[in-house]
Amino acid sequence: MTTATQPQAEENLAAKLPPDTLQQWLRDMLLIREFEVRTMQAYQDRKIGGFCHVYIGQEAVAVGCTAAVEHKDPIITAYRDHGHALARGMDPRYAMAEMYGKIGGCAKGKGGSMHLFDKPNNMFGGHGIVGAQCPLGTGLAFATKYEDEVMKGGTNTRVTLCFLGDGALNQGAFHEAMNLAGILDLPIIFICENNGYSMGTAISRGTTMGHNITSKAAGYGMESAIIDGMDIFTVYNGMKPLVDRCRDTSRPIFVDMRTYRYKGHSMSDPRKYRTKEEEQQYESNDVIDKLANWLMQEGHLTEDAYDKLVKEIRKEVRASMKWADNSPEPDIKELYTDVFVEEWGPFLGTSPPQIVKDAEGAGNDEDDDETREDDDD
Amino acid sequence: MANLTLVQAINLALIQEMEADDRVMLLGEDVGPNGGVFRVTDGLHARFGGDRVVDTPLAESGIIGTAIGLAMNGLRPIPEIQFEGFLGPAYDQLTTHAARMRTRTRGAFTVPMVVRVPIGGGIHAPELHSDSPEAIYAHHPGLKVVMPASPYDAKGLLISAIRDPDPVMYFEPKRIYRAFREEVPEDEYTIPIGEARVVSEGDELTIVTWGAPVVQCMKAIENSEKSIELIDLRTIYPVDIDTIEESVKKTGRCVIVHEAPKTCGFGAEIATSIMERCFLHLEAPVQRVTGFDTVMPYYKLELEYLPETERISRAIEEVVAY
Ligand SMILES: Cc1ncc(C[n+]2csc(CCOP(=O)(O)OP(=O)(O)O)c2C)c(N)n1
Ligand SMILES: [Mg+2]
């Protein structure tokens, strides 16, 4: 028996949402796109170090999926995490400063691109080891269910979204996480962002049943769905009923989210493993254009308003870069902070990053003062 | 002779051993047409084909476990793990199977496998791409652990490792993959596992190091007026303690340099062995210049973390002045 569904002509739930919701989606996708374009430039300019994996092309997935859940629902992902963090509402300043290696970054500039954590927004990272975030997702879902049902004696109220790349399908951790979620009846949706490649390996070369990965879920008795991730309508329309069902039944679900990354795996990928035509095919049918066109057709967006929006976002991202530029570099003593909670031996205790302090209202609202070092405890 | 980088020397050794012995085969993530993340296996797929240069799924536990099976059943697999930080999923296979198979089967089955792994910091990589876990593997009896610091040694050590009947962790310091070139003989030659190299002789102080910091130590020695003996371990385990002993008995002073965190780093093992063997010859306490007991930081603080020349120079002065 397989519970996999082919892409279906679902009810067009998205089209029934208020236009300003869809305008917000457009804004979120544009923000991610612009952020990533600037990220690539900053990487070339050597303002960003480490390795850097951009999300361009997959914007509809992060935005559409987070739109289908509530803010209280935890999300977790792998290292290609900029899109999820921004879609979840991370201020781009913290994300940019993190990649610039500055103290104002969401991980105090000590991590970089794969370290986008946003506790106030229930975004649990950003994790570098492929597949290893999947059991964490299972644990996040276990925790919400435990709290709701065991500690509060009620019923499940939250759904965890655990994103993974198609490469993660081949890791043992993914399979252990799926089995655990199944056996424990956990409210989690594993969303495989199936962009067809893990680094230079096409899914057909790395994954058995790569053409039909929902068969993996069948092996765990799990409901599954195939969703077209290159259109925010199909993402939302596909995800919303799954999220509702997952919340109601507290049963895990697996999604084969078909998507495409327009750029290379990382910044130094010559992309010899695929053709220019293939890239062109996706890029010419761009996810952002699709939504913008729809909004225009429906009379919810004018060319002028669109241009204005694009400019506004450009300004916002540029401001985030300036903020990141002005944020100080971590002091050398930061090597010894945040390792343990206590101060002992060489260790200097810990303190929350700016992003957490600001959310708690402890931060200073003045832009230029916000980069102040948090050495006060 | 050819003037080669460390990467090229490894590539050459792989070609020659694969030509000489068709039991030798490679497997790993994108090691085929792509040539691996650091292009170490560049050209090998074209030369030997996909049956001997095998692209694998993204699955470290599977790669190493499969390589162990291949080795137990007569082949000479050389799996590649892309970065030392991804050894985690494979750790179980390495330590519960590879390291113990000879002992567990009382010699009936062995694991002649070479695990190639880029190691260490200095290339502006993020967390999990810059660590130095050599001591962790040296702590598991049954695994040999080597780390070349020059193109010449890289080739000779790799050939020894491939021909060795037991599993060898072959760590490649990624910081010096292409940092300099060296004359490397075309013909095959071996460098015995377990033999350190005396890089420069001296009689006032001994420096013991391995991997990329060899370069930093050479700079520190150049900047110093003291007569310093530099030992590049080349093999972490089994360690060539005799060479260290001989040197420290001569100099009476020793500085140990490594990238890994200080606590339980391999330097602790060497310092203790020196104490056991050279106690009455010591003129000063042994000093360690190492990474810190914390996670390798993002690139802005990377050079603060690594044992750079300045810190080594300071240690030299202190130990000599003691
Ligand atoms: C355990 C582990 N092995 C290898 C890597 C190196 N690596 C980073 S990303 C990647 C490809 C992952 O592809 P996929 O899961 O499809 O995600 P995508 O890049 O397409 O978003 C690899 C091999 C890693 N980070 N962790
Ligand atoms: Mg992928």
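Author: Two residues are in contact if their C-beta atoms, placed from the backbone, lie within 7 Å. In chain B, residues 24 or more positions apart account for 79% of the contacts with a separation of 6 or more; in chain A, the corresponding share is 75%. This is a predicted model, in which local features need pLDDT of at least 70 and side-chain atom pairs count only at pLDDT 80 or more, while totals for chains, interfaces and linings use all residues. Residues are numbered from 1 along each chain as its sequence is written, and chains are lettered from A and ligands numbered from 1 in the order in which they are written.

Reader: How many helices and strands are there in each chain?

Author: Helices (H or I, at least four residues) and strands (E, at least two) are DSSP runs, numbered from the N terminus. Chain A has 13 helices and 9 strands, and chain B has 12 helices and 14 strands.

Reader: What is the radius of gyration of chain B, and what does the globule rule give?

Author: The radius of gyration is taken over C-alpha atoms, and the globule rule is 2.2 Å times the number of residues to the power 0.38. For the 322 residues of chain B the rule gives 20 Å and the model has 19 Å, so chain B is as compact as a globular protein of that length. For chain A, with 377 residues, the value of 21 Å agrees with the radius near 21 Å of a compact globule. Along the principal axes, the C-alpha trace of chain A spans about 60 × 55 × 45 Å, and the C-alpha atoms of chain B fill a box of roughly 60 × 40 × 40 Å.

Reader: What percentage of the residues in each chain is buried?

Author: A residue is buried if 20 or more other C-beta atoms lie within 10 Å of its own, exposed if 12 or fewer, and partly exposed in between, with C-beta atoms placed from the backbone. Buried residues make up 51% of chain A and 55% of chain B. Thr206(B), in strand S10 (residues 205-209) of chain B, is buried, with 29 other C-beta atoms within 10 Å. Among the residues that Thr206(B) touches are Glu229(B), Ile231(B) and Arg253(B). Thr206(B) and Val255(B) are 49 residues apart in sequence, yet their C-alpha atoms are 6.3 Å apart in space.

Reader: How many residues of helix H4 of chain A are buried?

Author: In helix H4 (residues 92-99) of chain A, 8 of the 8 residues are buried, so the helix is largely enclosed by the rest of the structure. The buried residues include Arg93(A) and Glu98(A). Their cover includes H1, helix H3 (82-87), helix H12 (303-326) and helix H13 (354-359) of chain A. Just after H4(A), Gly101(A) takes a positive phi of about 75°.

Reader: Which residues touch the most other members of the largest nonpolar core?

Author: In soluble globular proteins, nonpolar side chains tend to be buried together. A nonpolar core is a set of buried Ala, Val, Leu, Ile, Met, Phe, Trp, Tyr and Cys residues joined through C-beta atoms within 7 Å. The largest core has 195 residues; Met29(A), Ile189(A), Phe190(A), Ile191(A), Val255(A), Val146(B) and Val255(B) touch the most other members. Helix H1 (residues 19-44) of chain A gives the most to this core, with 9 residues. A second, separate core of 7 residues includes Leu335(A), Tyr298(B), Leu301(B) and Leu306(B).

Reader: How many residues does each chain bring to the contact between chains A and B?

Author: The contact takes 32 residues from chain A and 26 residues from chain B. Ala, Val, Leu, Ile, Met, Phe, Trp, Tyr, Cys and Pro count as nonpolar, Asp, Glu, Lys and Arg as charged, and the others, Gly among them, as polar. On that basis, the side of chain A that touches chain B has 11 nonpolar, 17 polar and 4 charged residues.

Reader: Which residues come nearest to ligand 1?

Author: A residue is near a molecule or strand if its C-beta atom, placed from the backbone, lies within 6 Å of it. Of the 19 residues around ligand 1, Val130(A), Gly165(A), Gly167(A), Ser198(A) and Phe86(B) come nearest. Residues from chains A and B surround ligand 1, so the site is shared between chains. The shell divides into 8 nonpolar, 7 polar and 4 charged residues.

Key: Lists of a residue's contacts leave out its neighbours within four places in sequence.
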